[in-house]
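Welcome, and thanks for taking a look at this one with us. Here is a short briefing to read alongside the structure.

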Amino acid sequence: MNRRDLGLLVLRVGTGAVLAAHGTQKLFGWFGGGGIEGTAQGMAAMGFHPARESAIAAGLGEAGGGALLALGLATPAAGAAAAGAMAGAVAVHAPAGFFAQAGGYEYPAFLGFTAAAIGITGAGRYSLDHATCHVLDRPWVVATAFLGSAVAAAAVVGRRAQARAAAEAAEAGGGEGPGDDH
């Protein structure tokens with residue numbers, strides 16, 4: 001038995017299960033989650049637009065990426081999808097600083113970096129990728145998956161930042177128009 005492959009199995013299953021559980025909260029309302037509608041409302045409040053599509057993307061990135069990581073199937077794409085979803089969560093929590101007890105981004109950053117590391121490293125011998133002769137775990141898949149995820153995450157986070165800046169500017173202006181007597 002290879003300790004490295006056994007360690008990757010434990011890491012994959014644990015990280016994948018946590019991510020999948022978070023994603024199913026968003027998608028299906030499992031484990032006390034809000035489901036698509038509740039998650040979409042939360043996404044809108046956090047500045048993600050379109051909110052419903054953002055909720056679906058976050059849920060699929062977490063649940064789908066997590067399930068695939070746990071199985072060790074399409075590991076580069078799974079790791080990239082989960083890391084991309086966590087980039088959005090990091091952006092939400094970043095204003096509160098690093099540490100989770102203050103509402104910071106410590107936890108989503110850890111999940112994102114772990115998912116990315118597994119995606120880059122590969123699933124190991126005890127995986128469906130190994131059983132399928134790594135047809136979905138080739139160097140070009142790693143590069144394509146992480147590039148695509150990085151571009152998508154940057155676009156979503158950037159669009160959210162622009163929307164939040166515009167909302168803050170409108171609030172700072174007081175919403176007063178011509179003819180207001182304030």
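This is a predicted model: local features need pLDDT of at least 70, side-chain atom pairs count only at pLDDT 80 or more; totals for chains, interfaces and linings use all residues.

**Overall picture**

- Taken along the principal axes, the C-alpha atoms of the protein chain fill a box of roughly 80 × 35 × 30 Å.
- Of its 182 residues, 36% count as buried.
- Among contacts in the protein chain with a separation of 6 or more, 66% come from residues 24 or more positions apart.

**Helix α4 against helix α7**

- Helix α4 (residues 75-93) and helix α7 (residues 139-172) have axes that come within 9 Å and cross at roughly 20 degrees.
- That angle makes α4 roughly parallel to α7, and α4 passes α7 in a right-handed crossing.
- On the α4 side, the contact is made by Pro76, Ala77, Gly79, Ala80, Ala81, Gly84, Ala87, Gly88, Ala91 and Val92.
- On the α7 side, the contact is made by Val141, Val142, Ala145, Phe146, Ser149, Ala153, Val157 and Arg160.
- By class, the residues of this contact of α4 with α7 divide into 13 nonpolar, 4 polar and 1 charged.

**Buried residues of α7**

- Val141, Val142, Ala145, Phe146, Ser149, Ala153 and Arg160 are buried in α7.
- What covers the buried residues of α7 includes α4 and α5 (106-121).

**A closer look at Ser149**

- Ser149 lies in helix α7, and it counts as buried because its relative accessibility is 15%, where the cut-off is under 20%.
- Leaving aside residues up to four places away in sequence, Ser149 touches Ala80, Ala81 and Gly84.

**Helix α3 against helix α4**

- Helix α3 (residues 51-71) packs with α4 at an angle of about 145 degrees, and their axes are 8 Å apart.
- Here the crossing is left-handed as α3 passes α4.
- From α3, the contact is made by Ala58, Gly61, Glu62, Gly65, Leu68 and Leu69.
- From α4, the contact is made by Thr75, Ala78, Gly79, Ala81, Ala82, Ala85 and Met86.
- The contact of α3 with α4 has 8 nonpolar, 4 polar and 1 charged residues.

Terms used
Residues are numbered from 1 along each chain as its sequence is written. Side-chain values use heavy atoms; hydrogens and water are left out. Axes are lines fitted to C-alpha atoms, for helices over the stretch in contact, and angles run from 0 to 180 degrees between N-to-C directions. Helices (H or I, at least four residues) and strands (E, at least two) are DSSP runs, numbered from the N terminus. Angles under 35 degrees count as roughly parallel, over 145 as roughly antiparallel, 65 to 115 as roughly perpendicular and the rest as oblique. A crossing is left-handed if the near helix is turned anticlockwise from the far one by less than a right angle, and right-handed if clockwise. Contact means heavy atoms within 4.5 Å. Ala, Val, Leu, Ile, Met, Phe, Trp, Tyr, Cys and Pro count as nonpolar, Asp, Glu, Lys and Arg as charged, and the others, Gly among them, as polar. Buried means under 20% relative accessible area, exposed over 50%, partly exposed in between (1.4 Å probe, protein chains only).
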